[in-house]
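Here are some notes to read alongside the structure. They take a few strands and then the ligand site.

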Amino acid sequence: FRTLDDADVTGKRVLLRVDFNLPMKDGRVTDATRIDRALPTIKELSDKGARVILLAHFGRPKGKPNAEMTLAPIAPVLSERLGRPVGFADDCIGTVAAGIVEVLKDGDVVLLENTRFHAGEEANEAEFCESLASLGDLYVNDAFSAAHRAHASTEGLAHHLPSYAGRTMQAEIEALQKGLESPEPPVLAIVGGSKVSTKIDVLTNLIDRVDILVIGGGMANTFLAAKGIDVGKSLCEHDLGDTARSIMTRAEEKGCEIVLPVDVVLARGLRSGAPTETVPVEETPEDMMILDAGPKSLEMVKQRMDGAKTLVWNGPLGAFETEPFDVATMGAAHHAAELSRAGRLVSIAGGGDTVAALNQAGVSEDFTYISTAGGAFLEWMEGKALPGVEVLKE
Ligand code: 3PG
């Protein structure tokens, strides 16, 4: 794919797709990570004298303007973090957008209103693509986290304008290549979180690609139950027993080791400071809930990390938001960070909960790469081609 190294942007109108679908509360940005991820590309383009026109979506307004999903509050936050003025147009096509774009000077930055206020965005309509394309000379996509959507601003535009990957997109693609496409073996994957049902395709793809698969969090309970272990009142998708068993059988055929908890931390309910008991997993009483992996299980995970060269991680090992059920997740995060700092492990993590857990552990800086993508990261772990990435390769 082509990057900004291949583009001559000076004096050009550059349509830059970013992902500003970020956590907001009462019209205020509560986590600006995705804005910060977009800064290098915006700065580079602006410094090179491009007229930067930002395209982004927010929420799911179903093709109609919706005051609760306006991008307007994001422009001042972006401006502050960028350290330069950022204009705002309250429509992404039509005369309003064209008028603002027309008066842009080299180096200026403007944000256009939510692309999803038009039905043509998600439908990837040619007419809507043409309206967007008429505003620019070049198209740069820096929104890896929206690349699983074949929408006008994430895919369609690339068919209408010369297209390039932005710096964040480039870094993300390169990091993910190191993670699963051409990783240094042995490869260890950790998949956690509450439900197996949302990650069946992830697990199925991973057992073909990795050497060791650690299954943690609530979803481990489904696997334990499928092996005949009584998990008491724990979160468990009992109807997925056959799925879990067939994943384990296939892993065995493929020579992928599956690691499940051998001991667990129990409580009567999920609440902060609840009294806990730590027991071998087979001794879970029928009236208790598994809320974290125990110390022996954590040791096993650390030991597998020691032997691995590459780690791909999505999903926590326990209910880490509630103390004291954060111990296994924090312990694994610190250990991975230590190995990464020592240059012994390429560590790649992604997904909202995982990013939150690594931030909580204070180790985000130590990982090789942390993806802010949620759905796109999962689809990548499922081995699916992402339309927004594929189109840049054409
Ligand atoms: C995300 O937040 O995962 C992306 O911005 C995609 O948003 P969507 O799931 O509404 O398409």
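1. Why is strand β14 (residues 289-293) largely enclosed by the rest of the structure? Five of the five residues of β14 are buried, so the strand is largely enclosed. Please keep in mind that this is a predicted model.

2. On the pairing of β14: strand β12 (residues 263-267) is joined to β14 by four bridges, and the two run antiparallel. Within this pairing, alanine 267 stands opposite methionine 289 of β14.

3. Strand β15 (residues 310-314) is mostly covered, with five of its five residues buried. Thr310, Val312 and Asn314 point one way from β15, while Leu311 and Trp313 point the other way. In a regular strand, side chains alternate between the two faces of the sheet. In β15, the residues pointing either way are all buried.

4. β15 has pairing partners to note. With strand β9 (residues 187-191) β15 pairs in the parallel sense over five bridges, and valine 191 has asparagine 314 of β15 as its bridge partner. With strand β16 (residues 346-350) the pairing is also parallel, over four bridges. Here tryptophan 313 has alanine 349 of β16 as its bridge partner.

5. Together with helix α11 (residues 327-341), β15 and β16 make a right-handed β-α-β unit.

6. Finally, the ligand. The residues surrounding the ligand are Asp19, Asn21, Arg60, Ser145, Ala146, Arg149, Gly374 and Gly375. By class, this shell divides into four polar residues, three charged and one nonpolar.

Technical notes. Residues are numbered from 1 along each chain as its sequence is written. This is a predicted model: local features need pLDDT of at least 70, side-chain atom pairs count only at pLDDT 80 or more; totals for chains, interfaces and linings use all residues. A residue is near a molecule or strand if its C-beta atom, placed from the backbone, lies within 6 Å of it. Ala, Val, Leu, Ile, Met, Phe, Trp, Tyr, Cys and Pro count as nonpolar, Asp, Glu, Lys and Arg as charged, and the others, Gly among them, as polar. A residue is buried if 20 or more other C-beta atoms lie within 10 Å of its own, exposed if 12 or fewer, and partly exposed in between; C-beta atoms are placed from the backbone. Two strands pair if DSSP finds at least two bridges between them. A crossover is right-handed if, with the strands pointing away from the viewer, the path from the first strand over the helix to the second runs clockwise.
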